[in-house]
Amino acid sequence: MSVTYLGMPAFPEAAAASTRDPRLRANLTHATHTIRDKRAKAVTELADWGRLRAAGAAVKDRTLRHLDHYLEQLEAAVTDAGGQVHWAADAVEANRIVTRLVRATGETEVVKVKSMATQEIGLNEALAEAGIHAYETDLAELIVQLGDDLPSHILVPAIHRDRAEIRDIFRREMGHWGRPAPEGLSDSPAELAEAARLHLREKFLSAKVGISGANFMVAESGTLVVVESEGNGRMCLTLPETLISVVGIEKVVPTWRDLEVFLQLLPRSSTAERMNPYTSTWTGTTDGDGPRTFHLVLLDNGRTDTLADTVGRQALRCIRCSACLNVCPVYERAGGHAYGSPYPGPIGAILTPQLRGVEGSLEASLPYASSLCGACYEVCPVAIDIPEVLVHLRERVVEGGPVTRGGVRTVLKSAKGHAAERAAMRAAGWVFGHPRALRAGMRLTSRTRRLHPRRLPGPGRAWSDTRDLPAVPAESFRDWWRRTRGTSSGSKQRGDGE
């Protein structure tokens, strides 16, 4: 599989292939059910979870309303603490900045902490073009990198792989990247983890440049926060001489008091833990402690445009916990690669089309990658109403309308290929607005029910290929009510006084 998301097919085409892979389906079902069951137990331990969730949403909304203020406060605090702040409007600029900073050190190898932002901008590929090798140090990201694969889950990027596949990847590829896998490596989790530990240890001890993202940035002090479970992040954040952090501008929170809310929400929603095993914080640079040079690259890449959408902006609350993926029936069956983005699942279905726009066939298909069951909203720790945004984006795909692109207000044209849908909706609107026509249509449908096809013709065929047409009753509800007044015997009820 290619290591880039460019040119990925639209979701229906990609999902049609992935849903026919029984091994993938089994891996996903086992992993997502395990994670979500543990999360449910962890959440019930807190009697005030609902209030905590509301607080998280409120903090995020307040921050987004005053994002310019908090970003400037953050920049000043980071600079005062000895760091350097760079602003990147898009992926191209961010990659150019990071490449220049690495080249300035004279190094050709970097170690990386798991980072969604760097996946989003394709940083590893950009560095490779410049002759710089980026080594992933998160265990799952290492598996993906060695397998020349793509992440398929926000929290567990290699969720689509089982132990036997991981063992084969380690045996085959580790030697090409550094220390080879031990002889006779089995698929025991302990042996696989030890093989990765030995392989990565050499990278940690030799690397002079580390690259990270951040889960949060505290504006009042200029502090960055990374939470993780393996300890690789701590190594990458403390051992290199130069640290470069690429972070989306929406990750800022105003104060340490606000951070406390999210340090309760995130671990329970992601790994089902009361707290993360490793919570690393750093503020600029300190003589004799950690990296001597720190660079913060603040990434926009469509976030300001998303902020301009009063409905869609709630996607920027996301803290990347992946709870929505683990309860989504569509993700469980299709897998993460079908979404064609570093952000799979329900959150990806609303975030990717806003960051990239809905003009491409893949992006236009993502808002439809949902049954609208609402399970994602129920588990979201910052109360993102994903179904609401999905419907909003579907309307944008079909009807077009005003949007912001590159900071400029523009108008999208109606999407091609939806003429039949628009005509059907207009016809339905007219019928529902004329009761006599509605009654006549329902009676005609009931009387001709024996002649109805099992599958719809024309454009409707795609719908009925995977669904059964509902059976039409012998009479409409209106006619049944007029005949029976709701009684099972069919006789009219007598009112009081009759």
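Modeller: Before we begin, one term is needed: helices (at least four residues) and strands (at least two) are DSSP runs, numbered from the N terminus. The model before us is predicted.

Biologist: What share of residues 71-286 is helix, and what share is strand?

Modeller: The span is 47% helix and 19% strand, and its end C-alpha atoms lie 22 Å apart. An unreviewed UniProt entry places the feature "domain: LUD" at these residues, 71-286.

Biologist: Where is the pLDDT below 50?

Modeller: In general, where pLDDT is low, the predicted coordinates should not be read in detail. For this protein the mean pLDDT is 92, and 96% of the residues reach 70 or more. Over residues 491-498, however, the value is below 50, and this stretch has four contacts in the model beyond near neighbours in sequence.

Biologist: Is V411 buried or exposed?

Modeller: V411, which lies in strand 12, is exposed, because its relative accessible area of 62% passes the 50% cut-off. Leaving aside neighbours within four places in sequence, V411 is in contact with G401 and P402.

Biologist: Which residue forms a salt bridge with D61?

Modeller: The general idea is that side chains of opposite charge can pair when their charged atoms come close. The structure holds 24 salt bridges. In one of them D61 pairs with R317, the closest N and O atoms being 2.9 Å apart. The two partners are 256 residues apart, with D61 in helix 3 and R317 in the loop between helix 13 and helix 14. D61 is partly exposed at 24% relative accessibility, whereas R317 is buried at 10%.

Biologist: Which residue forms a salt bridge with D258?

Modeller: The partner of D258 is R62, with 3.2 Å between the closest N and O atoms. D258 belongs to helix 12 and R62 to helix 3, so this pair ties together parts that are 196 residues apart in sequence. D258 counts as buried, at 9% relative accessibility, and R62 as partly exposed, at 28%.

Methods: Residues numbered from 1 in each chain as written. Predicted model: local features only at pLDDT ≥ 70, side-chain atom pairs only at ≥ 80, totals over all residues. Heavy atoms only, no water. pLDDT = per-residue confidence, 0-100. Contact = heavy atoms within 4.5 Å. UniProt positions renumbered as here; feature names shortened; annotations may be inferred. Buried < 20%, exposed > 50% of the residue type's maximum accessible area, 1.4 Å probe, protein only. Salt bridge = Lys/Arg side-chain N within 4 Å of Asp/Glu carboxyl O.
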